[in-house]
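Student: I have a structure open and would like to go through it piece by piece. Can we start with the strands and then move on to pockets and loops?
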Amino acid sequence: MKVYIKTYGCQMNEYDSERLAQSLLEDGCTRVQEAEEADLLLVNTCTVRKLAEEKAFSLIGRWAKMKKQRPDLIIGMVGCLAQHLQKQGFKRSPAIDFMAGPRAITQVPKIAKQAGCGKPVSEFGVFEFGQGWNPKYGERSVTAYVDVMEGCDQFCAYCAVPLARGREFSRPCQDILAEIRRRVASGTREITLLGQNINRYGYNLPDKPDLAELLYRVAEIPGLLRLRFLTGHPKDFTQRLIRAMAEIPQVCESIHLPLQSGSDTILRAMKRGYTANDYSELAQQLRAAIPGLTISTDFIVGFPGETEENFQATLEMAEKNLFHNAYCFKYSSREDTVAARLPDQVSREVKENRLARLFRELERSALNIRTSLVGSRDKVLIEKPDIRTKQRLQGRTRTNHIVNLEGPREWIGKEIEVEITAAKNWSLSGKAMQEV
Ligand code: 5AD
Ligand code: SF4
């Protein structure tokens with residue numbers, strides 16, 4: 001069977017798509033880059049914002065037209081939206097042959113075969129880490145994500161993830177270490193550990209290892225150059241974790257720490273469990289312990305009840321030149337969340353206006369940070385050819401700045417000393433300090 005996979009959403013979803021592709025390849029499928037060439041069409045979906053849901057259904061709408069010409073085509077919706085919608089998905093689009101949640105991903109080859117027999121099928125069962133997932137890594141990649149936990153118990157008022165991905169569930173250290181060893185042996189140099197609220201890693205495991213311990217153990221793997229983790233929660237950051245980040249040479253000087261809002265009233269309504277001041281203090285502590293640390297963040301504008309004054313508090317946080325990178329979202333109401341039932345939903349126009357103002361401010365401060373780097377030198381791990389120019393290379397500093405530079409393809413996978421020559425809005429240009 002030829003399979004086409006389209007992915008929407010976060011890094012966790014990209015990782016799930018990789019697991020999905022691997023399971024299908026092991027079952028004898030081949031992967032194609034064009035939907036028109038495929039027999040099995042899969043969309044790996046995301047529940048976080050309504051837009052991703054709309055995009056997934058409009059894609060399935062286009063595939064449904066193809067299916068009219070070719071009734072043997074199999075269409076599957078997988079991932080976190082599939083889990084959330086469950087059988088309702090079949091009602092939303094009768095062209096869907098099967099739905100499978102994120103924890104049933106390794107069952108997709110079996111489910112697709114059943115669906116090929118003509119009946120809509122669904123599988124949302126719990127997939128145990130380590131049991132259904134034992135990949136043979138065919139593809140060599142410089143950087144890789146490794147899932148360390150699934151689900152989230154935090155229930156932020158706006159968020160559909162706990163509903164879609166279920167309760168927190170950590171993967172045993174041994175399995176994670178074994179996966180990373182295999183990855184590193186196949187040439188991977190940088191690993192990003194993934195979890196929705198990764199600071200809670202290990203709580204449900206028998207010997208209760210924490211994220212700090214996991215970092216120490218991963219760092220013992222020979223050949224691993226760089227280590228990162230996503231996504232930190234400002235509420236659950238321990239001193240032990242800060243010390244581990246400072247002490248472990250492979251842990252990069254960069255952290256993604258979603259703030260969401262600068263207003264304490266809104267943070268409380270969001271049930272985030274910290275104030276703007278707590279966040280600033282944590283950022284200060286982290287920067288004192290880890291020289292050169294960069295911080296990236298997420299913001300949501302237009303949470304129900306957000307006033308212009310509340311939004312000003314967010315703008316003030318953005319003005320502090322704290323963030324070298326930021327992702328801003330308009331609040332999107334998700335069914336069955338606490339926030340969906342709140343009064344004072346903010347209008348689309350106001351959300352768009354605030355998003356544009358916040359984005360302008362963040363762009364300005366990120367550019368300030370990047371401009372201050374022009375003329376400095378840093379080590380860049382070369383990841384891939386620059387997608388836009390193809391002639392140039394793209395890599396990242398340990399501080400997670402993207403750097404584009406001239407160089408031969410043989411540099412991919414190597415750390416190269418680079419002088420920063422120019423700052424762009426969201427990336428840097430550099431010149432290698434060694435002969436091309
Ligand atoms: N609306 C808008 N943004 C959201 N996020 C999560 N849920 C929503 C929602 N309902 C954002 C948060 C989170 C990021 C992954 O997505 O900022 O950190
Ligand atoms: Fe959603 Fe909050 Fe969990 Fe992040 S920590 S996945 S925003 S509920």
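Student: In which sense do strand β16 and strand β17 pair, and over how many bridges?
Tutor: This is a predicted model. In it, β16 (residues 393-397) and β17 (residues 402-405) are antiparallel, with 4 bridges between them. R396 has I402 of β17 opposite.

Student: What do the 5 strands close into, and in what order?
Tutor: They close into a barrel, in the order β15-β16-β17-β19-β18, and the pairing is mixed. On average, neighbouring strands of this sheet are turned by 50 degrees against each other, with direction ignored.

Student: Next, the open sheet of 3 strands. What is its order?
Tutor: The order is β12-β13-β14, and the pairing is parallel. β12 (254-256) and β14 each have a single partner strand and stand at the edges, so one side of each has no neighbour in the sheet.

Student: Changing topic: which residues line the second largest pocket?
Tutor: The lining consists of R49, K50, L51, E54, F329, K330, Y331, S332, S333, R348 and K351. By class, that lining has 6 charged, 3 nonpolar and 2 polar residues. The volume of the second largest pocket is about 280 Å³.

Student: Which element gives the most to that lining?
Tutor: α2 does, with 3 residues. At least two residues each come from α2 (50-69), β14 (323-330) and α13 (348-371).

Student: On to ligand 2. What surrounds it?
Tutor: The residues around ligand 2 are C152, Q154, F155, C156, Y158, C159, V161, P162, Q196, H233 and R272.

Student: How does the shell around ligand 2 divide by class?
Tutor: The shell has 7 nonpolar, 3 polar and 1 charged residues.

Student: Now the backbone. Is the peptide bond from L230 to T231 cis or trans?
Tutor: That bond is cis, with omega near -5 degrees. T231 sits in the loop between β11 (226-230) and α9 (239-247).

Student: And Q86, is phi positive or negative there?
Tutor: Q86 is not a glycine, yet its phi is positive, at about 45 degrees. Q86 is in the loop between α3 (80-85) and α4 (88-92).

Student: Why pick those two out?
Tutor: Because most peptide bonds are trans, and most residues other than glycine have a negative phi.

Definitions and conventions:
Residues numbered from 1 in each chain as written. Chains lettered and ligands numbered in written order. Predicted model: local features only at pLDDT ≥ 70, side-chain atom pairs only at ≥ 80, totals over all residues. Heavy atoms only, no water. 1 Å grid on protein atoms, 1.4 Å probe; cavity = no way out; pocket = protein on both sides within 12 Å on 5 of 7 lines; lining within 4 Å. Points joined across faces, edges and corners; volume = space filled by probe spheres on them. Nonpolar A, V, L, I, M, F, W, Y, C, P; charged D, E, K, R; others polar. Near = heavy atom within 4 Å. Pairing = 2+ DSSP bridges. Axes fitted to C-alpha atoms, helices over the stretch in contact; angles between N-to-C directions.
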